[in-house]
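Hi there,

Here is the structure I promised to pass on to you. Have a look at it first, and then read on for what turned up.

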Amino acid sequence: MADARLEAIARECRVQILRMLTHAGSGHPGGSLSVIDLLVALFFGRLRHDPKRPDWPDRDRVVLSKGHAVPALYAVMARAGYFPESQLITLRKLGSPLQGHPDRTALPGVEAATGSLGQGLSVAVGMALGLRTARSPARVYCILGDGEIQEGQVWEAAMAAPKLGRPAHPLDNLTVILDYNKIQLDDFVTKILDLEPVVAKWQAFGWAVLEIDGHDVAQIRKALDQAEATRGVPTLVVAHTVKGKAVSFMENNPEWHGKAPKPEEAIAAVREVLAVSEAAWDDYLATDPATRAIVDELRALETPR
Amino acid sequence: MPAKATRAAFGEALLDLGARDPRIVALDADLSKSTMTAAFARAFPDRAWNLGIAESNMIGVGAGLALTGKVPFVCSFACFVVGRFETIRISVAYTNANVKIVGTHAGVAIGEDGYSQMGLEDVACIRALPNVLVVQPADEAETKQAIAWAAEHQGPVYLRLTRQAVPPVCPPGYRFRPGRWLALRPGRDVTLVASGGPVSNALEAARLLEADGISAEVIDAASIKPLDEETLVASASRTRHVVTVEDHAIAGGLGGAVAETLSEVLPTPLRRLGVVGFGESGDPAGLYARHGLDAAGIAGSVKKFLGR
Ligand SMILES: Cc1ncc(C[n+]2csc(CCOP(=O)(O)OP(=O)(O)O)c2C)c(N)n1
Ligand SMILES: [Mg+2]
């Protein structure tokens, strides 16, 4: 069924995230792995978009405000056909359109330059307002990090969005997803600056708020349906997630916020993502040439050139 | 001394000074591992606050602490802390609050993270603010000197630090003083005024130029504001050619400051080396080559400038 297809795509994208970060030798695995199920649900189950026409005026938009998780965005964009998957390993290399943080001018399909946390929601609000007043059917999705919403600008945007455009053009075309993985850069969010009660805060500002498991494809689908059906106000989906999801040694570990795996770590991680035991790994690779090629390419990185 | 990132030297200096001066406190915005204040925070947990990813608030809280007699070091990446320019403008500069603003991850040298994480226009912005002095040390020893000076100085200071390790360039016994530059190497044909990370590249370029028969004076301009007019004018009047070298936008940084002074005091042919346009992702060495800030690039620009 549809949800199983999305889960399979999410596994592929996780493998690509690990692959490109390892080739790059730097980047942010934790927040890429926590957000990927949400991005897959958007790109393969929700968005009205055309990878061949990234400037189509009535396309739905995704603003990845937590821009450091851009490997996840590149993985879904490549899988959707915006650019070839072979290009993924140019991530962060000199001259590549796959910049270390999203660059709208470098790669068609990237909707906003992010990477300085806290700015994406304002831009998404502006897009939603512009599309609404132009009577476009397009929807805008914005993904925020939990640490990110400590930025004051997020709350300026949060205060404005339920009011802007009313009464003729309420921003019910805007859906914000909070990747609530409980970890920021220095430490756990509760140890730095607790956000709770996060649902009550956004509700008080006038948002429709839903709470889901951000790795459960069915829950994501239902939440996005509900957001689309909501009239008069924007929706916040609080997605409870696990930083580093699907790789045991990265899960819930602040150390994996911003460092790339070494090749042998990446190979172990790929195996975990695909849920193959160590004993069965070689046999498995013989049946999966695409993964085999990725693993060989990672192994080649181990031998110093 | 081995090469060391100036942010790492800052972390050590802060820990050291903190033990002697109880007024010193540290503020961070979820980058304490990167700004290297984490050791200070462990040693003095009641004098370090991580305010979350909220740089404007951090700067304002720093100003408030300064107004109660503390000496706050307010730390983040240069781009993010100076990104809150108008907060600095009013709460720190106009207030003349005794805040030490520390901006790490200067320039394209940070590499792969790309433009959004690079401090590139920070000197230009802060230099425009009355009351705030601007200091960019070039190595570990100079950083420790500059931090100790900043802690004693009454008034706001902006300190610009590197992510990458930089080799020692200052001689033993050197003392940092505001408004005083340090000639690292004498020369007759051209003056290279460099600051921060690329100072060692400018020295290396001078060695390359020497092999081509060009004698380059190299000056370490850690004190960008105030600059050292006396040293600048004395050197320029001898060499009659000045080249500035910095890992910063070509507009408004050290090169801009030197241009402003020379054009009024001693008009001298000038070439500014720095980052044109936005930075981008890449390996640091490749980026320095692309932007002409490696030794070969600097030497090549100097030769072209001198018509050799
Ligand atoms: C304005 C700004 N300040 C600081 C940073 C450095 N930084 C990059 S990621 C990060 C932590 C982000 O935490 P969170 O939003 O929870 O992201 P996730 O857990 O999804 O990776 C920080 C502080 C930044 N990119 N932008
Ligand atoms: Mg988080």
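In chain B, helix 10 and helix 11 meet through B:Glu229, B:Leu232, B:Val233 and B:Ala236 on the helix 10 side and B:Val258, B:Thr261, B:Leu262 and B:Val265 on the helix 11 side. Sorted by class, this contact between helix 10 and helix 11 of chain B has six nonpolar residues, one polar and one charged. Helix 10 covers residues 229-239 of chain B and helix 11 covers residues 254-265; their axes come within 11 Å and cross at roughly 65 degrees. The crossing of helix 10 of chain B past helix 11 of chain B is right-handed. Please keep in mind that this is a predicted model.

While you are in chain B, find B:Asn201, which sits in helix 9 (residues 199-211). Is B:Asn201 buried or exposed? With a relative accessibility of 15%, B:Asn201 counts as buried, because the cut-off for buried is under 20%. Setting aside neighbours within four places in sequence, B:Asn201 is in contact with B:Tyr288, B:Leu293, B:Asp294, B:Ala295 and B:Ile298. B:Asn201 and B:Thr6 are 195 residues apart in sequence, and their C-alpha atoms are 16 Å apart in space.

Now for chain A and its helix pairs. Two packed helices are described by the angle between their axes and the distance between the axes. Helix 2 (residues 29-45) of chain A packs with helix 3 (residues 70-80) of chain A at an angle of about 30 degrees, and their axes are 9 Å apart. Helix 2 and helix 3 of chain A are therefore roughly parallel to each other, and helix 2 of chain A passes helix 3 of chain A in a right-handed crossing. Helix 2 of chain A contributes A:Ser32, A:Val35, A:Ile36, A:Leu39, A:Val40, A:Phe43 and A:Phe44, which meet A:Pro71, A:Ala72, A:Leu73, A:Val76, A:Met77, A:Arg79 and A:Ala80 of helix 3 of chain A. That contact of helix 2 with helix 3 of chain A divides into twelve nonpolar residues, one polar and one charged.

How do helix 1 and helix 8 of chain A cross? The axes of helix 1 (residues 2-24) and helix 8 (residues 217-229) of chain A come within 9 Å and cross at roughly 110 degrees, which makes helix 1 of chain A roughly perpendicular to helix 8 of chain A. The contact is made by A:Asp3, A:Leu6 and A:Glu7 of helix 1 of chain A with A:Val217, A:Ala218 and A:Arg221 of helix 8 of chain A. By class, this contact between helix 1 and helix 8 of chain A has three nonpolar, no polar and three charged residues.

Helix 9 (residues 263-273) of chain A has several buried residues, among them A:Pro263, A:Ile267 and A:Val273. The buried residues of helix 9 of chain A pack against helix 1, helix 10 (281-287) and helix 11 (289-302) of chain A. Just after helix 9 of chain A, A:Ala275 has a positive phi of about 55 degrees.

Last, look for the magnesium ion (ligand 2). Which residues coordinate the magnesium ion (ligand 2)? They are A:Asp146 (OD), A:Asn181 (OD1) and A:Ile183 (O), at 2.0 to 2.1 Å. In sequence, the donor residues of the magnesium ion (ligand 2) follow the spacing D-x34-N-x1-I. A:Asn181 is buried, with a relative accessible area of 3%, and A:Ile183 counts as buried at 1% relative accessibility.

Happy exploring!

Terms used
Residues numbered from 1 in each chain as written. Chains lettered and ligands numbered in written order. Predicted model: local features only at pLDDT ≥ 70, side-chain atom pairs only at ≥ 80, totals over all residues. Heavy atoms only, no water. Axes fitted to C-alpha atoms, helices over the stretch in contact; angles between N-to-C directions. Helix = DSSP H or I, 4+ residues; strand = E, 2+ residues; numbered from the N terminus. Parallel < 35°, antiparallel > 145°, perpendicular 65-115°, else oblique. Contact = heavy atoms within 4.5 Å. Nonpolar A, V, L, I, M, F, W, Y, C, P; charged D, E, K, R; others polar. Donors = N, O, S within 2.8 Å, 3.2 Å for Na, K, Ca; no water. Buried < 20%, exposed > 50% of the residue type's maximum accessible area, 1.4 Å probe, protein only. Left-handed = near helix turned anticlockwise from the far one by under 90°.
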